[in-house]
Structures are given as structure tokens and as C-alpha cells.
Number of protein chains: 2
Amino acid sequence: MSDAQPYIARRPKRADGARNYDAILSAARKAFETQGADASLEDIAGQAGVAIGTLYRHFPTRASLVEAATREGLAELISRAEVLAGTEDALAALSEWMRLAVRHVSTFRGLVGILTRSMYDEGTPSHAACSAMHSSGAHLLRAAQDTGQVRGDLTADELFDLLSGAAWVRENAPADRDGSTRFVQMGLEGVMARPDAG
Amino acid sequence: MSDAQPYIARRPKRADGARNYDAILSAARKAFETQGADASLEDIAGQAGVAIGTLYRHFPTRASLVEAATREGLAELISRAEVLAGTEDALAALSEWMRLAVRHVSTFRGLVGILTRSMYDEGTPSHAACSAMHSSGAHLLRAAQDTGQVRGDLTADELFDLLSGAAWVRENAPADRDGSTRFVQMGLEGVMARPDAG
DNA sequence: ACCTGAACACCGTTCAAGT
DNA sequence: ACCTGAACACCGTTCAAGT
């Protein structure tokens, strides 16, 4: 019944394989940043100095290449959440993490879309990372709700709506202005518990 | 120096041309709604019962087809703004319009992206409509600021960040939940003037 | 195990021929 | 004026042959 496990790329042990794997990843990151998530795979292979078949051998789908290219960044983001969770001010921790997350998740055009889909689709290479990110965010949110700093009725999914909306805005903003900072700030203010509420 | 004027599709006068034009638009709307803004043009032509060359004759670019397919909806949205501008409660008017706008701008996957780019790029078929939409929103915003219901420091561009972020979330939400309602509501609350501020 | 690149498939776009 | 569909171009993907 369940779909096949998604393919997760692994760095080969053999010297030439490892070298090519690294070169492809590096070229992919550069290409994604300049052309977006739908950058030409042929170009990426060319920039990496390998034949197109080699790219496909290491990364059989575009999703697996994106996953590998963003793996480190997402892992970093999750470990940041753990550190912030041990912090005094729960709302400050949540705000700071949201800011970091928005930036990571919008490093190139098309990333938020891929990650958002991955969050709710298990058959996807980035699903595991997205799930972990969801837990991290949910944890920080709950903490800020427990201290009464954030409304109790906000769900984690809604928090991620705010995150992905802000990231999309940042992705698509004209280069000269980054609307996401203000955006997240205001979104969070909309979500804070009001002293005058009730 | 300036780019050529963007091509704006016009309904032909000759009977067969008009018939095909309508059939293509109707097929395009259906295709965009089910497959998104990057639906196959060949499929659309096929569904409309015309050859691919006929589609290109009426709509030389994908952007021109999208513009024609969304023209009515955007015009409706702008006239709605005019009606709401004559309303008593300026904040209620702004909220209601935002809700309508989010829905219109996310009728199919990929639309927000196209319209957001159009807003800041004059060489684009939808630029005129987006500009008008910008004015409508800015007008309603200013009214709600004049009554002191919304923070004075919010810019129209930031309002449209909120609008497009919410629309993107709605576009990409799993079919079973529409996060945008809550999203806009909270975004607006984050933007409302606080009784306890200062 | 890994690499290469020709071959195939698909789709967007153009244009010569037709009514 | 408008329509048709073959032709071309481009790019993603596969796979037989090679080291």
C-alpha cells in the first residue's frame, strides 16, 4: 500500500565517485541560487565537469538533488532550535528561530514550495528533514504558549503557514528589498497574547 | 530604452476567431485550475478543439493567456474595492477586501507568483491590472490608517507582502485545509493599532 | 563501481501552406 | 483574417558500452 521509500543520496566511497558527487552538489547549489530550483540539470552537470549520466547516477531525481543540497542547512536549523529551547525567554527564542528558518527555507527560488510539499508527503526525500523541522518549531511554539506569551489556540501548522508565507515573500521579493523581516515580526505580533485580551 | 509594450490579447470580431478565442480561454481556465499556471499549452489547445498555432495566434505568450484568463476576476476585485471604500468601518472594509483578494489571487497554483512579478515589472501583460490593484489596496489601507485603526507605519508594499504570502499559502495548502483565512486574520491583527501601544 | 554520451521522449514555439 | 499541423529546438531521462 505505502509508496516506495524515497531515494536519499549517499556520498560514494570511491575517490572519483566522491569527487564527482561533491562537484555536482557544489554546482547545484550555485545553480539553484542563481536560477532557482528548476535550474537545468544539464548545466549543473556541465559546471561540475561530469556527463549527465553521472549526475543521474548520484541523484536519480531532482528532489534527491535538492534534498542533498539543503541537508546541512536544515540540520543546522534543527540543532539551533535545540539550543534556543534551553533559553530563558520562550517568545524571543521562537521569534529568533522563525527568522533563521525563513532565511534558510528561502535560500533559492522554489525551495519553500518543495519543502512545504515534503512536509505533508512521506514519499519525498526531504520529508524526514521537514518532519524534524516541524517538531522543532512545534516545541518552541508550545513553550511560548506555556509561558502565556503566545495565544494558546495557534497550531503548529498555522505557525508553518506563517513561516512558509514569509519565506515565499522573501524568495520572490525584488532584490532590493527583503520584506520578510517585517512580515514575520508582524505575523508574530498578530499571534502574541494581548494584555488587553479577554 | 523602454521595453516593448506587453501584448494584450483581444477578442477577434470574426465569428470563427471569436469562437476559438472563447474556447481557448475556457479550456485554459480549467487547465490552470487543475494543473497550475504551467499547464501544457498543447493540452489546452486540444481541449479547446483548435490547433496549437491558433492558440499562439491569439495568445503569443503564456503570460498573455494568463492575463486574459484572469482579467475579469481582477476587474471585479478592483470594483469591489471602490464599493468598500464608501463603507463606514474602514478596517472592516480593508479586511473584507483582503479576504476577497487572497481568494482571487490564488485561484490556481502559480498565479500569485505571476501577479507579484507583474506588479513590479512594467513589461508584463498583467502589470496594468496589478497596478490598479495596488492602488485599490493602498487606498483602503490609507483610510484605515486615517481612522487610527491600522498602524501608520505600514506601507502598501508590506500590505501586499501579506496578501501574496497568504495567497501562496492558500495555493499550496493540502486540499483539505485552507490556512489563508486564519493567516490573513492574524496578519491583520499584527498590523492593527494597539489600544495599549505607546 | 562508476563514467560517458548517444538516443529517445516530450513539449514549447515557429512558419509555410491553406481557407 | 484566421486556421492547420509539420518541423525545429530544447531539455529531461534512459541505457548500452566502456574503464
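Biologist: How do the residues lining the largest pocket divide into nonpolar, polar and charged?
Modeller: This is a predicted model, where local features need pLDDT of at least 70, side-chain atom pairs count only at pLDDT 80 or more, and totals for chains, interfaces and linings use all residues. Residues are numbered from 1 along each chain as its sequence is written, with chains lettered from A. Ala, Val, Leu, Ile, Met, Phe, Trp, Tyr, Cys and Pro count as nonpolar, Asp, Glu, Lys and Arg as charged, and the others, Gly among them, as polar. For this lining, that gives nine nonpolar, nine polar and 10 charged.

Biologist: Which lining residues lie nearest the centre of the largest pocket?
Modeller: A pocket is an open set of points on a 1 Å grid over the protein atoms alone, where a 1.4 Å probe fits, with protein on both sides within 12 Å along at least five of seven lines; lining residues have an atom within 4 Å of a point. Here 28 residues do the lining. Nearest the centre are A:Asp38, A:Gly110, A:Gly113, A:Arg117 and B:Arg109.

Biologist: Which element gives the largest share of that lining?
Modeller: Helices here are DSSP runs (H or I, at least four residues), numbered from the N terminus. The top share, four residues, belongs to helix 6 of chain A.

Biologist: And what is the volume of the second largest pocket?
Modeller: Its lining has 13 residues, including B:Arg29 and B:Thr107. Helix 4 of chain B hands over five residues, the largest share. Its volume is about 210 Å³.

Technical notes
Side-chain values use heavy atoms; hydrogens and water are left out. Helices (H or I, at least four residues) and strands (E, at least two) are DSSP runs, numbered from the N terminus. Grid points are joined across faces, edges and corners, and a volume is the space filled by probe spheres set on the points.
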